Every structure is written in C-alpha cells, then in structure tokens.
Amino acid sequence: MAEVCYTTSMSSLFPNPPATGHSLPATRPADAVRAFLALRRSAGKRTLGPPGPSRDEIEALLTVAMRVPDHRRLAPWRFLVFSGPERMGFTQHAEQIHRQEQPDAGEKAFADTRTAFERAPVVIALVSSPDRDHKTPVWEQELSTGAVGYNLLLATNAAGWAGCWLTEWLCYSPGIAKLIGLSSHERLAGFFYIGTATLDPQERMRPDPDAKVTFWAG
Ligand SMILES: Cc1cc2nc3c(=O)[nH]c(=O)nc-3n(C[C@H](O)[C@H](O)[C@H](O)COP(=O)(O)O)c2cc1C
C-alpha cells in the first residue's frame, strides 16, 4: 500500500497532496469520516453568522472541493467568491435586476435579495462551465460540477464551518448571469453560503433505501 508523505500544508486546514504520479492509498478506512458522512447536514439558510473562512482558507477549501471525479480532466467549473463588505454591492445590483425581471415579486422578496449575502460572511458562486464541443458529454461535466458543490460542503464542515447550497431565483436569472459575467455556455450551479452556525440543524426525513435501491436479479 502506498505511503503518502504530506510535506507542507496548503493551509493549516488540509494536507498538501503529493506530486502528480505519486502513489496514494486506494482505501482509507476512517471511523471519523464514516460518522461525519452519516450525520452530515446543511445549515439552515438563516442560521449562518461570522466568522467565516479567510481568503487563504477559502482557497484551501476550494482546492479540496475540486478533488472530484472528472471525466477526461476537463475541470468544467469555476468559482466566484464574495466576501467582506464588497459582497453587498452585488446584492444591491441583484435587487435592481429582481425588480426588473419580476416586478410583481413584492417588497419583501426585493428586500430578501438586497440582504441575501448578509446571511453569511462568505458566499461562493459555483459556475458550471462545460466544454460543449468535447467528446465528454455535457451531462457528465455537469455531474462533476455537482460533485464539486457537495465536496465544498463536506470540506467546509470538516474544516469547522457550516454551509448551505442555494440556487433561489438568482441562478436562473439572465440579469444575474450577465452581472456575474457568465459566457453563453455557462450556468450557475449554486451559491454556497459559508460561515459559523448559530443554530444546529435537526435531522430531517431521509429517503428509504428500500424505495430507492434495487439489486439486479438477472
Ligand atoms: C442544487 C441545489 C439547489 C438548492 N437550492 C435551494 C434553495 O434555493 N433554497 C433552499 O431552501 N434549499 C435549496 N437546496 C437545499 C439545501 O441546500 C439543503 O440540501 C436542504 O436544505 C437539505 O439539507 P441537507 O443538505 O442537510 O440534507 C438546494 C440544494 C441543491 C443540491
């Protein structure tokens, strides 16, 4: 079995991976990871406060988040990070777009948009950026981007913050796409709200494996 030497760390959060081509263990039994996965939950969207990760810590989280299965190594995604007071400028523009695109949405909805990024100290937009002409189907590229999103939540939780994946109206708005600078082949996979939990979530209903799993019987 491969022995991995973790030399320097990319931050205090995660070890650096070895150089490309170095062996890595294919199996990594870990009680803590099993418990972590079995008990994972997202934070409620109104239960996140400061502190959030610093710039270095955000980069470390995103580096780990990108460590996903990716057919033909296209890395068909990118991120846009909103942190600090500058993030409020985005939602001020978003409110104007909301008013133009959904004039009947109501003042409460417009206020929610204006204050959306106040819900967490760090908000990260995950952009699906597939190569539509590549022989890897776009669907597979999008699945890989979804894996990045989930991995970001896992990395966030494991590093001590709470997180929540939201699309809301923003991810489907032509005006927001333009504001963010999406190309015609790109879509928003979601906004990841990251901070410190002010309230622990409760367990929610989970799918019954009997209703979801079939064993091929020939
Ligand atoms: C792609 C995607 C978009 C989502 N968008 C929203 C949303 O806009 N609003 C919302 O309340 N929950 C949204 N959710 C659900 C929450 O992120 C979260 O998964 C849900 O509250 C269940 O919590 P859990 O992750 O602990 O199971 C979305 C989830 C996914 C995967």
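Entry 1: I listed the buried residues of α2 and found Glu 57, Ala 60, Leu 61, Leu 62, Val 64 and Ala 65. I call a residue buried if 20 or more other C-beta atoms lie within 10 Å of its own, exposed if 12 or fewer, and partly exposed in between, with C-beta atoms placed from the backbone. These buried residues of α2 pack against β2 and α5 (138-158), and for contact I required that the C-beta atoms of two residues, placed from the backbone, lie within 7 Å. Helices (H or I, at least four residues) and strands (E, at least two) are DSSP runs, numbered from the N terminus.

**Entry 2: provenance.** I noted that this is a predicted model, in which local features need pLDDT of at least 70 and side-chain atom pairs count only at pLDDT 80 or more, while totals for chains, interfaces and linings use all residues. Residues are numbered from 1 along each chain as its sequence is written. The average pLDDT (the predictor's confidence in each residue, from 0 to 100) is 95 for the protein, and 95% of the residues score at least 70. Residues 1-8 stay under 50, and the model has 12 contacts beyond four places in sequence for them.

**Entry 3: overall layout.** I counted seven helices and five strands, which follow one another from the N terminus as α-β-α-β-α-α-β-α-β-α-β-α. Of the 218 residues, 24% are buried.

**Entry 4: the core.** Which residues touch the most other members of the largest nonpolar core? Among its 33 residues they are Val 123, Leu 126, Phe 192 and Tyr 193. The elements that give two or more residues to this core are α2, β2, β3 (122-128), α5, β4 and β5 (187-197), and β3 supplies the largest share, six residues. Such a core is a set of buried Ala, Val, Leu, Ile, Met, Phe, Trp, Tyr and Cys residues joined through C-beta atoms within 7 Å. I then followed Tyr 193, which, leaving aside neighbours within four places in sequence, is in contact with residues including Lys 45, Leu 48, Val 123, Cys 164 and Leu 166.

**Entry 5: strand pairing.** I checked the partners of β5, taking two strands to pair if DSSP finds at least two bridges between them. β3 pairs with β5 in the antiparallel sense over seven bridges, and Val 122 has Ile 194 as its bridge partner there. β4 also runs antiparallel to β5, joined by five bridges, with Trp 165 bridged to Phe 192. Strand β1 (residues 48-49) pairs antiparallel with β5 over two bridges, and Leu 48 is the bridge partner of Ala 197.

**Entry 6: the ligand shell.** Around the ligand I found Arg 41, Ser 42, Lys 45, Cys 164, Trp 165, Leu 166, Thr 167, Glu 168 and Gly 190, where a residue is near a molecule if its C-beta atom, placed from the backbone, lies within 6 Å of it. Strand β4 (residues 162-166) gives the largest share of this shell, three residues.

**Entry 7: two loop residues.** Is Asp 104 buried or exposed? Asp 104, in the loop between α3 (87-101) and α4 (107-114), counts as exposed because it has 5 C-beta neighbours inside 10 Å. Ala 75, in the loop between α2 (55-65) and β2 (77-83), counts as partly exposed because it has 15 such neighbours inside 10 Å.
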